Amino acid sequence: MSDPMNVLAPEHRRLRIGDAWRDAAGGATFVVEDPATGKTIAEVADAGVVDGLAALDVASKAMAEWAATPPRKRSELLTATYRALTERSEEVARLITLEMGKPLAEARGEVAYGAEFFRWFAEEAVRVEGRYNTAPAGGYRILTVPKPVGPCVFVTPWNFPLAMGARKIAPALAAGCTTITKPAAQTPLTMLFLARIMEEVGVPPGVVNVVTTKRAGEVVSALLADRRTRKLSFTGSTEVGRVLLRQAADNVLRTSMELGGNAALIVCADADLDVALDGAMVAKMRNIGESCIAANRIYVEEPVREEFTARFAERMGALSVGHGLDDGVDVGALIDEASVTKIDELVADAVNRGARVLVGGERPDGPGHFYPPTVLVDVPEDARILEAEIFGPVAPIISFTSDDEVMAKANDTEHGLVGYVFTRDLQRALRFTEGLETGMVGVNRGLISDPSAPFGGVKQSGIGKEGSHEGILEYLDVTYAAIDLP
């Protein structure tokens, strides 16, 4: 196999701050590993507080000029980024697989998905509008003017190292904001590659800054404490989100939070089982199950439980596990040893409480962070796996006998990101759509992510929306002027 690291030269494995690729203060670095082998694939700069504040300096200085850049020009730069990502899709995909572990086919899908955010928000950039109208009581006019919120800090996760950054950077730039992105320490290379692409297409210095670090807590805290920062967008766990919200409160920052999930996937007895099986496989196994919208709990109505379970277990057991760059691999490596240990413990806890393993359930020997596709049945309600976000290729299946019963179980969680329902009854589908306490619902499909749709949760799964027209509104303030005019 060719070396994907050839696409990212050593000088571009440093911090991207303003118009320069620079070392961290003091020259600190950290290593990035291939999760399929545990081998080091690169060293990148390990930023400290002084580096983070340097990025904020340039983002703040670039803010006025970028905000004044004509929307059409911003749109053209975003379109150029979309085209560059599309043209270099294979290079980006191989880099994603190498540092994150997902199979190459999945990585290609992520590149297409991430690039689409740049195309979508290129179109939105020229459609930011205010309004002018007569006050209802007369005597004056109401004028509203949308303005970019200011320098933005982005903290992105490792599971979609391109798409989660694109989903934030694209609307911010479309709105006229400058950005500082702190990618996950496990997967910094893809974001550095994106910064390189955006430099090449002509995005001005200071607009897109990337600060890689193993010291995320201190660097992000310093950025949030600085009054020049005006917006925080975070994708990650609910636990970390709570901490960041507390820190953001001191300067009353605009925040967007896409946090944890505990998605219920509901298969009704009247569902088309072929459609339900296809949807369940996508909802569970997309990105090796390392997704906040992955099906965490699969509820199957009793009359079809036996058939669905048997067919689903057969499909899960047929998936091949291996290095994501190898041909024919369906399931790549998990991100790190801690993820494998967590999943192993959740499965063991469920089994100790009475669950049965139909396929999988035992981590393999050898190098790399692998766990096999696993199906559990007879899972008791007190099993930890029904409460924790699994973030891996394990599917617990639970039977149900009534809509009221399964609705109550599905909603019995602090999370509210997404739910899935499979039924051929339109009224039943609408009842679930209205009754599930989630920000999104997949009806007869297991893939819901789309740059043109508003992505986000309720309860402790987040604040705000990403994608769609709503996505750009997260980066705009509105100034209202009352104009005296009898």
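# Close-up views of a predicted model

The side chain of N251 reaches the backbone oxygen of A225 at 3.2 Å. This is a polar contact, a pair of N or O atoms within 3.5 Å; within protein, one must be able to donate a hydrogen and the other to accept it, and residues adjacent in sequence count only if both atoms are side-chain atoms.

The model is predicted: local features need pLDDT of at least 70, side-chain atom pairs count only at pLDDT 80 or more, and totals for chains, interfaces and linings use all residues. Residues are numbered from 1 along each chain as its sequence is written, and side-chain values use heavy atoms, with hydrogens and water left out.

View 1. N251 sits in the loop between α8 (238-249) and β11 (254-258). Helices (H or I, at least four residues) and strands (E, at least two) are DSSP runs, numbered from the N terminus. N251 is buried, with a relative accessible area of 18%. Buried means under 20% relative accessible area, exposed over 50%, and partly exposed in between (1.4 Å probe, protein chains only). Beyond residues up to four places away in sequence, N251 touches L224, A225, D226, R227 and R230. Contact means heavy atoms within 4.5 Å.

**View 2. Strand β15 and its partners.** Strand β15 spans residues 374-377, and both its faces are covered. T374 and L376 lie on one side, V375 and V377 on the other, and all are buried. Strand β14 (residues 356-359) pairs with β15 in the antiparallel sense over 3 bridges. Here R356 stands opposite V377. Strand β16 (residues 394-400) pairs with β15 in the parallel sense, also over 3 bridges. Here T374 stands opposite V394. Two strands pair if DSSP finds at least two bridges between them.

**View 3. F370 in a loop.** The loop between β14 and β15 holds F370. F370 is buried, with a relative accessible area of 12%. Leaving aside neighbours within four places in sequence, its contacts include A36, V321, H323, V340 and P364. F370 and Y420 are 50 residues apart along the chain, and their C-alpha atoms are separated by 27 Å.

**View 4. The largest pocket.** The largest pocket has a volume of about 970 Å³. It is lined by 49 residues, and P157, W158, G236, S237 and V240 are the closest to its centre. Two or more lining residues come from each of α5 (163-175), α7 (216-225), β10 (231-235), α8 and α11 (337-352). The largest share, 6 residues, comes from α8. On a 1 Å grid over the protein atoms alone, a pocket is an open set of points with protein on both sides within 12 Å along at least five of seven lines; a cavity is a set where a 1.4 Å probe fits but cannot get out; lining residues have an atom within 4 Å of a point. Grid points are joined across faces, edges and corners, and a volume is the space filled by probe spheres set on the points.

**View 5. The largest cavity.** The structure holds 4 cavities of 30 Å³ or more. About 80 Å³ of space lies in the largest cavity. Of its 16 lining residues, N262, R297, A410, V418 and T438 lie nearest its centre. At least two lining residues each come from β12 (263-267), α12 (403-411) and β17 (418-422).
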